[in-house]
Amino acid sequence: PLPIPTPPVPPSNYTRSGTTESGVNSVKFLINGTSTTISVVNRAFSYAYDDALTSFKTDTSDANTKKITTLDLSASCLLSTCTAVSFDGLEACTEIEGMGYLELPAATNIDYIFRNCKKLTSIYLNGRMENLTSAKAICDGCTNLVEFWCNGVFANITNADYWFRNCTKQITNWGMNNATFASVTSAVGMFYNCNRVYGLPAATFAAVDDMSKFYYGIGVSGMYRLKFSDNIANFAGQPLNVSEMFSNVKYQVIMTDGLDLTAIEDCNQMFSNCTLTTEISLNSTFDSATGVDASGMFRQCSKLATLSDRTFEGVDNASYMFTNAFVDNANVKLTSATFENATNVSSMFVNCKMKKLYAILIALLALAWTEASAQQRRPIDSQHPMWFIHVDVWYKADPQKIIDLIPDKIKPYVCYYV
């Protein structure tokens, strides 16, 4: 991480100004919660205000908000009394002058502060923000962002959802040296569909519960390795939900080193649709989890050739877990896998291209053992025979097509042998 620049000393005045696209006669801001109309003359506007501001936001209900092209925050030190600040929806704005002056010691909420500022290339949040408790989606939709500097510790915020969602350009100047996110419980989609992973060297996420979609869609074709511990070296959390956390990621190798999966309850589609990924390393903490929904966990990982050999003992729902997974004839041996606690293995290996399905035999045996331990559902006698039907998956794994051929009347008496 690069050093964070020191902001300049702001001037002392009470005037704010800006420019708009042509044809705009007025713009609106929510000042102290009231929609305030400001006249625009020759594409320019300015206004004066006192030092008793409690909130300052763009009025996103006003279509002209999207047509503001520049905004001058040279006196933004006077926002120090505001508890809520947002510049949401400045879609045409190419520059917020004096952004480095921003001092927000009283602010508790900066949700969506720069959301959909699609033409901004640089964002600075270097001033005081020690009382923040909410900061959702602060750069969501900043599609041209290439420079981000932030001096905040963010020790008290509880929600960091979608911070950098759809920041699709590479951020070449990145400074997030101090952010701990120690109280964050929800970090859904924090780097959703970003160009790449960026480091959070001080982040602990010690209280995080929900990291679903955290890296969803991140990267571009050709990127080599996404290693969790490289991004968040001091991670101390035990998330409950990591569903779709790495879904649609474009890295060739995904490694969960440093991500504690001991307490997870939901890893539904955790790596689904990683169609460029050839190797997934699932760390050993996964073996300690119990009652896990792992449905579709590796679904559509069509180039996967290497997968960590885990026990999967804690998996409860394994449906569609390996559907359409693995490269042709992948020689993956899940020899430690038992799936002994799985209650749902429906369509678990549909169209799976693994060379030898070691795991499915283990999984089905475990499920059969569970069923045998319970009371039989139907009697087996001369009037109620059991049909054994062999399902061959060696050439092309698609058992569902065979199952669909069985008449409904005899399905209750069928035992499938894979």
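## A guided tour of the predicted model

Begin with the whole protein shown as a surface: the accessible surface of this predicted model comes to about 18400 Å², and 49% of that area belongs to carbon and sulfur atoms. Of the 418 residues of the protein, 48% count as buried.

If you display contacts between residues at least 6 apart in sequence, 75% of them join residues at least 24 apart.

Now select strands β9, β10 and β11, which form an open sheet in the order β9-β10-β11, with parallel pairing. At the edges lie β9 (122-125) and β11 (173-175), each of which pairs on one side only, and from one strand to the next the twist averages 10°. Strands of a sheet pair through backbone hydrogen bonds, either parallel or antiparallel. To follow one such pairing, select β9 together with strand β10 (residues 147-150), where four bridges join the two in the parallel sense; among the residues involved, serine 122 has glutamate 147 in β10 as its bridge partner.

Finally, turn to the cysteines, where the count of disulfides comes to zero. Select cysteine 142, whose nearest cysteine sulfur, that of cysteine 139, is 4.8 Å away, whereas a disulfide requires two cysteine sulfur atoms within 2.5 Å. Cysteine 142 is buried, with a relative accessible area of 0%. Then select cysteine 301, which is likewise in no disulfide, the nearest cysteine sulfur being that of cysteine 274, 4.9 Å away; cysteine 301 also counts as buried, at 0% relative accessibility.

Conventions
Residues numbered from 1 in each chain as written. Predicted model: local features only at pLDDT ≥ 70, side-chain atom pairs only at ≥ 80, totals over all residues. Heavy atoms only, no water. Buried < 20%, exposed > 50% of the residue type's maximum accessible area, 1.4 Å probe, protein only. Contact = heavy atoms within 4.5 Å. Areas by Shrake-Rupley, 256 points an atom, 1.4 Å probe, with all protein chains shown as cover. Pairing = 2+ DSSP bridges. Axes fitted to C-alpha atoms, helices over the stretch in contact; angles between N-to-C directions.
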